[in-house]
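Take a look at the sequence and the 3D structure below. A short report follows.

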Protein chains: 2
Amino acid sequence: MPDLLIRNVRPMGGAPADILIRTGRIAEIGPGLKADGVAAEDGGGHIAIPSLVDAHTHLDKTTWGMGWYKGRKGGSLQDLIDNERNSRGPLGLDVHRQSMRHAIQLAENGAGHIRSHVDVDTDHGLTLLEGKMATRAALKGVIDIQIVAFPQSGLMVRPGTYDLLDRALAAGADIVGGLDPSSMDRDPKGSLDAVFRLAEKHGKPIDIHLHEYGELGAFTLEMILERTRAHGMQGRVGVSHCFCMGSRDPALNARLMDEVAREDVRIFTTGHPSAQVPSLQAMRKAGIKVGLGCDGIRDTWGPWGQPDMLHRARIVGMKNAMRRDDELELLLDCTARGGAEAIGVAGHEVKVGAAADLTLVAGETLAHAVVEEAPRPLVVKDGRVVARGGQIAAPGVVMP
Amino acid sequence: MPDLLIRNVRPMGGAPADILIRTGRIAEIGPGLKADGVAAEDGGGHIAIPSLVDAHTHLDKTTWGMGWYKGRKGGSLQDLIDNERNSRGPLGLDVHRQSMRHAIQLAENGAGHIRSHVDVDTDHGLTLLEGKMATRAALKGVIDIQIVAFPQSGLMVRPGTYDLLDRALAAGADIVGGLDPSSMDRDPKGSLDAVFRLAEKHGKPIDIHLHEYGELGAFTLEMILERTRAHGMQGRVGVSHCFCMGSRDPALNARLMDEVAREDVRIFTTGHPSAQVPSLQAMRKAGIKVGLGCDGIRDTWGPWGQPDMLHRARIVGMKNAMRRDDELELLLDCTARGGAEAIGVAGHEVKVGAAADLTLVAGETLAHAVVEEAPRPLVVKDGRVVARGGQIAAPGVVMP
């Protein structure tokens, strides 16, 4: 782990200072630091924040750089799932190449951590996982990637998937995934018991996609909360989307948020523009640890999105009607420190003793930096320069 | 009006062709055109579409380039209105300078037409209108600007405003504006009768902001439709936002859309991310002429937005869950040809005989071009080059 001196930055938008990094950790923060023989970077007076965190994405899905994909379907969630599973082969979607493109761009745009789901199904077995594990290895020291073994095509409804998830977790997936235990998997008890059994067997956390709305979603969420409590897995269970906490019944939302906070279940939101989503402000006020994610980027599901967590923060901020500076600062916190905490990375701050895992952002203030569309001037991971001006600069890393 | 030959473009994403412009109009479209002595531009194989149309914005509000504005409020619509009216002076918001910044950037990003509301109130009189009329004059031949005299602080609730609107229309405003006749103006009959009286007196069309939701909004909309019919103003009345047609009652939405289509009332939508908005697909299917708009950009109301109609189209597309290529093509049509039609500019197409008012866009197909974040390669207005690669290139026009 190298030493590095970053001159003339404004940590968290405060007074100008230098940041001295020793063996990959922040050793000193202050004006006019001296460090003979240490490589120096000019921070240009930009704001330094902890690196951004994409807490919910799918690195195995993007068609980025493959030419325009015309075959998108409308229709039900099941249609979209089937279309994707049947399209990977004909499209020639190479998961290692595509996840490299996706992850490198996230790093160029200031991200230091990704939690990515990977499809595990009976058509593809563990091949998609293998492609993504190759990316995780290739980008070690550039961006940290957590991999969720995700039964995108269903767990209970596709026999054989349980054993594949079991093997995926043994092979190197970090987290047990799940998908709509009621609406898609048609057996909430069976599905959730299976997910928690795998988590217990492998000693790994859980992250469940829950798109179910209203009372049905609330029912499934309660079953997740019951099992979190019974298994003593507080702080190790996440629910992605959780649209049921954005229902039209404020009392229901408030009750669910209180219960989620009590069991320290983490919520991952993408600010889905055409769905009802839980209020970011209300979740944080209830004490819930929340991460934001880009979700899929230009894949067989849809054309939208950019591999940039500030781009996503803006979508989430607009969706949540955030206007004031204090709201924009909360939004940025969920995209950096708070998002890291939500995926289990503690102490992700610009402070002495922390990992030197940070990005510079352009703007007068933290609030301005969320809104401003500008490249990240400098991205640093474990004390190494990863990107400059939105272009990858990590030695040996080439965009495929 | 000049002649111009644009070589090697793909009109509406079709086969490569040249476009020959004579005295500001499209004279010929085809491969390998010859035109001795006519200035030529290389289109680089990009797609040519009609120029983009911002059918709903507020050029008099942006703080763009003025430093970060920290004073935003939360709270009610009334709080936001009062905050803005009281902030213009202390902020030093020069409407001519700010509207130039805003409009020039829209042109750089491919827009050829803007419909912009301008606040007319008893504190500011016609001073904001005057600043914007100076911009309209300065940008003649670069971008066309329609000005709506807009009672942002209310018409019936602020005596004296009616006379100011009357004077604004005499002084050069093109369109009579209105604001929430029931919820804000507290007198829907009085407010709408006043608006239609001004329209009749000045022979000008109408564009009313209607944020009112559900049954109240439906009631107000019906009153607008009744007056449209009674005054024979079909095709000359617009309603902006019209959230009541995006209500939770699909039968209500469908009934209102049918009535709006029957009276040829135009709808302007911004795809407001935190509001319920009418479905773009459903409106077009009902036969309604729809325009899209950026609304306010980084002003005292909120920090969001970009002066770029493709940026806004993406917000509208995500909001309306558009995925398929045919949906993206519909979205682009509303941002160009259809948006122009909705604001009363007919025949806005890339075809022989039409005004040479077009932009090039980057992408393999029309659908791709909506999604791709890239500068517009070339923007042409009435046969003159206005911008290249996202930078203003019109002679004598300088970004203030």
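The model is a predicted one.

**Chain A as a whole**

Start with the secondary structure. Chain A has 12 helices and 17 strands. Its radius of gyration is 21 Å, close to the 21 Å that the globule rule gives for 400 residues, so chain A is as compact as a globular protein of that length. The table collects some values for this chain.

| Property of chain A | Value |
|---|---|
| Span of the C-alpha trace along the principal axes | about 65 × 45 × 40 Å |
| Buried residues, out of 400 residues | 55% |
| Contacts between residues 24 or more positions apart, out of those with a separation of 6 or more | 74% |

**Two helices in chain B**

Now turn to chain B. Helix H6 of chain B covers residues 214–230, and helix H7 of chain B covers residues 250–262. Their axes come within 11 Å and cross at roughly 15°. Angles under 35 degrees count as roughly parallel, so H6(B) is roughly parallel to H7(B). The crossing of H6(B) with H7(B) is left-handed.

Which residues of H6(B) and H7(B) meet? From H6(B) come B:Ala218, B:Leu221 and B:Leu225. From H7(B) come B:Leu252, B:Leu256, B:Glu259 and B:Val260. Sorted by class, the contact of H6(B) with H7(B) has 6 nonpolar residues and 1 charged residue. It has no polar ones.

Notes
Residues numbered from 1 in each chain as written. Chains lettered and ligands numbered in written order. Predicted model: local features only at pLDDT ≥ 70, side-chain atom pairs only at ≥ 80, totals over all residues. Axes fitted to C-alpha atoms, helices over the stretch in contact; angles between N-to-C directions. Helix = DSSP H or I, 4+ residues; strand = E, 2+ residues; numbered from the N terminus. Parallel < 35°, antiparallel > 145°, perpendicular 65-115°, else oblique. Left-handed = near helix turned anticlockwise from the far one by under 90°. Contact = placed C-beta atoms within 7 Å. Nonpolar A, V, L, I, M, F, W, Y, C, P; charged D, E, K, R; others polar. Rg over C-alpha atoms; globule rule 2.2 N^0.38 Å. Buried ≥ 20, exposed ≤ 12 C-beta atoms within 10 Å, placed from the backbone.
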